[in-house]
Amino acid sequence: MTEVQALQTSYVPGCSQQARYDQYVAADAAAFTPDKGSYYRHKVPGMLPGAIIGAVCLLAALAFLVWLLVLCCRPRTSWQQPYTKMWVGSTDEKSRKSRRRRLITNFIIVLLTMGVVGVATWGLTDSIKDTHHQVDTAWGLVQDASDTVQSIVNIASNTVSLLEKLSPSLRAVAKAASGIANLIPLLNNIVSVEDEATNLNNKASDVDRLVTSANSSVAQIQTKGVGNIQKAQNRYEHKIKVAWNPWRPIVIAVLFGLLMLFAIVASCLAISRRFPRTTAAFTFLLWLMTAIFFILGSGGLNGVFHIGKDACLYIETFALSKATSNSSNSSRAGTALQYYFGKTNIPADDVPYQIYGLNTTQLSDAVNTPIAQVFLGYLDNPEGQAFITTTTTLDATEKDLILALPTTLNQLNSSIESLTDAVQVSAITPLYHQVKELVCCQASDVLHKLWLAWTITAALAAALAILLTAHVITSVWSASRGDPYFQQATDSAAPGKGSIFREIRHQPGQYQPGQYSTGQLKKPGPDSQPSAPPMSA
């Protein structure tokens with residue numbers, strides 16, 4: 001199949017934003033085999049960037065956790081040494097710089113937190129809203145397909161039942177023509193009534209074979225069409241709906257809710273500069289959620305999106321390939337798909353036979369024989385009907401068959417017209433287009449939108465986690481060096497013992513009375529002297 005032919009086969013609806021006709025690649029169409037595991041293995045590289053970033057976030061979380069555990073078990077000794085001498089003036093200057101740094105850091109934390117919450121809210125609402133109806137729509141289309149095929153089967157079955165009545169009727173007409181030809185003036189125009197009667201008997205035999213073939217075709221459509229669809233519905237529909245509808249919004253809400261909760265709590269604790277152990281714990285949890293979002297969103301959704309995009313572009317090519325290679329009647333199956341995909345044209349009256357094996361042309365030839373037409377005309381008036389009723393050449397059953405022949409033919413013609421209309425491309429195309437719109441617009445486009453929301457959310461959460469991690473490490477490092485500006489009330493613990501995360505209390509003799517009232521900073525100890533002259537009032 002050339003690329004031009006393939007492009008004519010593939011239908012891409014106008015609502016599709018991610019898949020277009022010019023993106024069709026013949027090599028990718030040949031490689032689209034969703035029934036084989038090798039196809040999905042080739043899609044793994046598209047998922048790797050998000051998965052790798054998620055793995056890096058997970059490693060960062062584990063490294064941060066190990067660092068916290070080491071510090072929690074490490075004795076606090078570094079800031080128990082006396083402070084160095086420092087003038088009050090320089091202390092004020094350092095305090096101002098520290099406050100500026102804190103304001104800038106807090107401002108960035110607030111911005112990132114607002115970004116995470118805002119984008120996560122967008123991702124949460126879209127993930128729940130945009131994935132609400134796809135499953136129900138898909139199974140609704142499956143039911144529509146089942147109803148369409150079942151309707152064709154019902155019309156075809158009715159046609160076959162009428163054909164079963166036609167064959168003995170034609171034989172009765174042939175018998176009557178041979179026995180009472182001299183009594184029906186219209187038959188005098190036929191050169192050889194006996195030859196025409198024999199021909200009509202042969203047509204009746206053709207109708208018998210047509211009935212046998214039609215019954216086989218109808219049974220095949222019923223089994224492989226309606227039967228397979230109903231098996232899929234019975235096996236999967238209830239399970240998928242039960243798993244999708246109630247649990248989907250819960251899982252999405254839990255993931256986004258935990259991410260926003262950890263981001264808000266960790267940011268508030270970091271800004272307050274209290275409870276460093278709790279801040280560190282929530283920062284670690286934020287790292288974990290960020291890793292999950294990168295793996296599931298940036299990686300997993302990206303892979304599913306590309307699979308959906310391939311399905312939009314190449315599903316027709318795959319269906320044609322499977323139909324022509326695996327079907328027991330591959331020629332007819334391939335013809336049917338090419339016809340309904342708009343790739344080939346079939347005369348309207350030939351569609352029932354070329355696709356479904358119902359030879360309505362053969363039926364028309366049998367009905368349009370000269371003798372059959374004479375009898376049909378003869379039965380149109382009461383005299384003809386009375387003649388058939390009173391003749392002794394025919395038995396009661398044959399008389400009933402001949403008298404019912406006009407009605408049978410009218411019903412048969414109506415049934416054939418209904419069958420021909422039901423199998424036309426114009427009757428199947430709307431359902432086909434709805435399926436493509438579901439795949440190309442409601443699935444592929446939504447997946448791309450969700451991938452974008454999850455990726456941006458994960459990126460902002462990663463930036464916030466990096467900043468909070470740096471904040472925790474910087475605070476702990478400054479406290480371990482004895483910086484008094486980082487020695488604020490923290491998580492409760494025994495004073496003077498334990499790790500650097502424990503509460504910092506003044507040691508006995510560290511500060512002297514009047515130390516701050518005189519503006520002097522004294523060295524700890526009983527003989528300490530002022531490190532600067534007293535400041536005048």
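## Aromatic cluster

Tyr24, Phe32, Tyr39, Tyr40, Tyr314 and Phe318 make up one aromatic cluster in this predicted model. Rings of Phe, Tyr and Trp (its six-membered ring) pair if their centres lie within 6.5 Å; planes under 30 degrees apart are stacked, over 60 edge-to-face, the rest tilted. The structure holds 13 aromatic pairs.

One of them joins Phe32 and Phe318 edge-to-face, at 5.9 Å between centres and 80 degrees between planes. This pair links distant parts of the chain, 286 residues apart. Phe32 sits in the loop between helix 2 (26–31) and helix 3 (37–42), and Phe318 lies in helix 9 (residues 276–326). Helices are DSSP runs (H or I, at least four residues), numbered from the N terminus. Both Phe32 and Phe318 are buried (under 20% relative accessible area; exposed is over 50%, partly exposed in between; 1.4 Å probe, protein chains only).

Phe64 and Trp67 are stacked, because their ring centres are 6.0 Å apart and their planes meet at 20 degrees. They are three residues apart in helix 4 (residues 44–72), so about one helical turn separates them. Phe64 is buried at 4% relative accessibility. Trp67 is partly exposed at 26%.

## Confidence

The protein chain has a mean pLDDT (the predictor's confidence in each residue, from 0 to 100) of 77, and 77% of its residues reach 70 or more. Confidence is lowest in helix 1 (residues 3–9), mean 44, and highest in helix 8 (residues 247–272), at 91.

Residues 482–524 stay under 50, with 104 contacts beyond four places in sequence (heavy atoms within 4.5 Å). Where pLDDT is low, predicted coordinates should not be read in detail.

## Basis

Residues are numbered from 1 along each chain as its sequence is written, and side-chain values use heavy atoms, leaving out hydrogens and water. In this predicted model, local features need pLDDT of at least 70 and side-chain atom pairs count only at 80 or more, while totals for chains, interfaces and linings use all residues.

Key
Helices (H or I, at least four residues) and strands (E, at least two) are DSSP runs, numbered from the N terminus.
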